[in-house]
Amino acid sequence: RMAWLASVGVIGVAGCTSIQPGPKEMTFFITSVGPGRGGDLGGLEGADRHCQSLAQAAGAGDRTWRAYLSTQAPKLADKNFVNARDRIGSGPWQNVKGDVIARSVEDLHSPNSNLTKQTALDEKGQPVNGRTEQPNKHDMLTGSRPDGTAFPGAPFPDMTCGNWTKSGPDGAAMTGHHDRAGPVDAPWAVSWNSAHPTLGCSQEKVRPTGGDGLFYCFAVK
């Protein structure tokens with residue numbers, strides 16, 4: 001009987017261990033590092049590869065990863081644009097510790113979104129510096145409006161650093177605040193995906209407002 005109880009105990013422990021959160025269950029993270037070229041991410045393809053590479057190194061490379069980024073059409077009337085919300089799957093998504101970020105695309109872009117300073121961890125499970133920490137890294141590149149859709153094209157201003165190919169002082173990219181904090185208590189200041197644009201597209205122009213060229217990665221379901 002003792003042997004039977006012992007075996008049941010082992011099975012129980014093993015069963016509990018197998019469902020513990022970790023890289024294999026992770027479906028969302030913030031990049032721990034950016035490519036280092038400001039808004040030049042190598043386009044959407046380069047940004048996706050960066051997500052995939054970091055996920056692979058963390059032990060979650062068996063999923064298909066996509067960067068939460070929008071692109072703009074060349075001109076206002078063109079339809080050649082991409083909405084960030086359309087490229088990340090349907091959810092739900094959770095961080096490496098098992099905290100659910102959102103259960104669906106609609107949930108992610110609603111007031112119920114659980115994307116906060118405490119839950120928006122990098123692929124290693126580490127928190128990312130917020131507005132009150134040095135260096136401040138809370139500006140996440142998104143190129144998106146609050147609902148996760150793209151900005152209109154020319155003559156409207158660049159909000160995606162040339163669709164993620166510019167690394168010079170010109171252009172700009174819309175960013176969001178992963179810590180949901182800003183200089184004032186206003187909806188834009190606490191938006192995780194659409195707070196304000198960068199001052200330019202170089203790494204040097206991304207940093208002054210509180211960024212480091214980081215962005216969100218989601219696993220496609």
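Predicted model: local features only at pLDDT ≥ 70, side-chain atom pairs only at ≥ 80, totals over all residues.

Tutor: In soluble globular proteins, nonpolar side chains tend to be buried together. Here the largest nonpolar core has 21 residues, and Phe29, Leu41, Trp65, Leu69, Leu141, Trp164 and Phe215 touch the most other members. Two or more residues come from each of α2, β2 (65–67), α4 and β8. The largest share, five residues, is that of α2.

Student: Which residues does Phe215 touch?

Tutor: Leaving aside residues up to four places away in sequence, Phe215 touches Phe29, Ile30, Thr31, Pro35, Leu41, Ala47, His50, Cys51, Ala67, Leu69, Met140 and Leu141.

Student: Let us turn to the disulfides. How many does a search of the whole structure find?

Tutor: The search finds two. One joins Cys51 to Cys217, with an S to S distance of 2.0 Å. This pair links distant parts of the chain, since Cys51 belongs to helix α2 (residues 43–58) and Cys217 to strand β8 (residues 211–219), 166 residues apart. Both cysteines, Cys51 and Cys217, are buried.

Student: Why is the disulfide of Cys51 and Cys217 described as left-handed?

Tutor: The handedness is read from the torsion about the S-S bond; for Cys51 and Cys217 this torsion is about -80°, so the disulfide is left-handed.

Student: What of the disulfide between Cys161 and Cys201: how far apart are their sulfur atoms?

Tutor: The sulfur atoms of Cys161 and Cys201 are 2.2 Å apart. This link too is left-handed, with -105° about the S-S bond. Distant parts of the chain are again linked: Cys161 is in helix α4 and Cys201 in the loop between β7 (196–197) and α5 (203–206), 40 residues apart. Cys161 and Cys201 are each buried. With the bonded cysteines numbered in sequence order, the pairing is 1-4, 2-3.

Student: Next, the backbone. Which residues other than glycine have a positive phi?

Tutor: Two examples are found in helix α4: Asn163 and Trp164. Phi is near 55° for Asn163 and near 70° for Trp164.

Student: Are Asn163 and Trp164 buried or partly exposed?

Tutor: Burial is judged from relative accessible area, with under 20% taken as buried and over 50% as exposed. Asn163 counts as partly exposed because its relative accessibility is 27%. Trp164, at 0%, counts as buried; Trp164 was also named among the core residues that touch the most other members.

Student: Where are there cis peptide bonds?

Tutor: The omega angle is the value to inspect. The bond from Gln134 to Pro135 is cis, with omega near -5°, and Pro135 is in the loop between α3 (105–108) and β5 (139–141). The bond from Ala154 to Pro155 is also cis, with omega near 15°; Pro155 is placed in the loop between β5 and α4 (161–164).

Student: Finally, what is the volume of the largest pocket?

Tutor: The volume is about 180 Å³. The pocket is lined by 13 residues, and those closest to its centre are Pro146, Arg180, Ser191, Trp192 and Asn193.

Key. Residues numbered from 1 in each chain as written. Heavy atoms only, no water. 1 Å grid on protein atoms, 1.4 Å probe; cavity = no way out; pocket = protein on both sides within 12 Å on 5 of 7 lines; lining within 4 Å. Points joined across faces, edges and corners; volume = space filled by probe spheres on them. Helix = DSSP H or I, 4+ residues; strand = E, 2+ residues; numbered from the N terminus. Buried < 20%, exposed > 50% of the residue type's maximum accessible area, 1.4 Å probe, protein only. Disulfide = S-S within 2.5 Å. Core = buried A, V, L, I, M, F, W, Y, C linked by side-chain atoms within 4.5 Å. Contact = heavy atoms within 4.5 Å.
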